[in-house]
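User: I would like to learn how to read a few features of a structure. Can you take me through them one at a time?

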Amino acid sequence: MKKAEYYSGTKILSMRDINGNKPEIYMIVSNRSGGKTTFYGRMLVNRFKKKGEQFVLLYRYKYELDDVKTKFFNDIGKLFFNKDSMTQKTILKDSIIELLLNKKTCGYAVCLNSADAVKKYSHIFSEVTSILFDEFQSETSNYCNNELRKFHSIHTSIARGQGKQSRYVPVYMLSNPVTIINPYYVAFKIHTRIDPKTRYLKGEGFVLERIIIESAKKAQLESSFNRAFGDSEYNRYSTSGEELLDNYSFIVPNINTKTRPSYIATLKYNDNNYSIKEYKNEGIVYVDDNFDESFPRRISVTNSDHEINYIMLRTNDVFISTMRDYYSLGIVRFKNLMCQECFLQLVAIRL
């Protein structure tokens, strides 16, 4: 990743997607306290003041809409708009908040769990020209049920109007680097293309930026509180740009061996199939995304994966206990992070 003193979105905002078209999804990922939220918040307010363009602030849960004007405007107001004031008005309780800058409607705040309400009130968003979705990756993997569907629905509802069935309404998605197998990376197939050195990535309709903000890194490293935790995972996450939940220690893209493995089982997880193989001479159990369709032991990792010819296992099943023991002994390797997630879901399954 390129190092930067202060965050600026100038570069990514000028980029085109993989087909040379103007993207409608901009994903920005940086270390904590890097200034990306400030940059895009200021950008949206300036667009309203100069052009009258309204915006939507997208949150995950209803409780996040409480006093949203303060959360959004308090810092940028003091820094850049100290002669302006922001107020809010409830349009629909726990669902839609109207934001007013100097008593004029500048935008709205909605949450993913209110996708149906946004659909019913879609007419009020006809002047909205952009969406800001902060913290699109959850540090605790606490996502909404059917989050991607709700995200898609909300954008479709907002992008109606002005005599068009679908308008160009870009979404600015901000986050710290939590995991490359977050649901948005997986949906856009970013997780199969990214590596620790990736700074910019282009896809169909989206661009991704990953960056380290040096001033924020320095401030975190100099914090006495953070120094007390030493070289903790969270300190590395908040300063270096490493994904918080990802462990590359056991990721081995290719097993270099002349011996043939013993095929143990096929796993189905999130509608994809994976295999568990054992290399006895090397003392390695390998989880791969190449699988044998004819192998009889087929296991559904979750209830939603269950179908004909697959079996569901209980948490105390001998097979699961054996796999858990293998993992504890440190002999399990994974082709990629998706294979790792599948296996960890298997050994931690609760029914």
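Predicted model: local features only at pLDDT ≥ 70, side-chain atom pairs only at ≥ 80, totals over all residues.

User: Which cysteine sulfur is nearest to that of Cys144, and how far away is it?

Analyst: First the general idea. A disulfide covalently joins the sulfur atoms of two cysteines. Now the case here. The nearest cysteine sulfur to Cys144 belongs to Cys111, 7.6 Å away. The cut-off for a disulfide is 2.5 Å. Cys144 is therefore in no disulfide.

User: Is Cys106 buried or exposed?

Analyst: Cys106 is buried, because its relative accessibility is 1% and the limit for buried is under 20%.

User: Which strands pair with S13, and in what sense?

Analyst: S12 (residues 272-279) pairs with S13 in the antiparallel sense, over 5 bridges. Glu278 stands opposite Val285 there. S16 (residues 332-334) pairs with S13 in the parallel sense, over 3 bridges. On that side, Val287 has Phe334 as its bridge partner.

User: What lies between S12 and S13?

Analyst: The two strands form a hairpin with 4 residues between them. Gly283 takes a positive phi near 70° in this hairpin.

User: What is the strand order of the sheet?

Analyst: The sheet is open, has 6 strands and shows mixed pairing. The order is S15-S14-S11-S12-S13-S16. S15 (311-312) and S16 are the edge strands, each pairing on one side only.

User: Last, helices. At what angle do the axes of H2 and H3 cross?

Analyst: For two packed helices, the description is the angle and the distance between their axes. The axes of H2 (residues 36-51) and H3 (residues 68-80) come within 10 Å and cross at roughly 80°. The two helices are therefore roughly perpendicular to each other.

User: Which residues meet in H2 and H3?

Analyst: From H2, Thr38, Gly41, Arg42 and Val45 take part. They meet Phe72, Phe73, Ile76, Leu79 and Phe80 of H3. By class, the contact has 6 nonpolar, 2 polar and 1 charged residues.

Technical notes: Residues numbered from 1 in each chain as written. Heavy atoms only, no water. Pairing = 2+ DSSP bridges. Buried < 20%, exposed > 50% of the residue type's maximum accessible area, 1.4 Å probe, protein only. Axes fitted to C-alpha atoms, helices over the stretch in contact; angles between N-to-C directions. Parallel < 35°, antiparallel > 145°, perpendicular 65-115°, else oblique. Contact = heavy atoms within 4.5 Å. Nonpolar A, V, L, I, M, F, W, Y, C, P; charged D, E, K, R; others polar.
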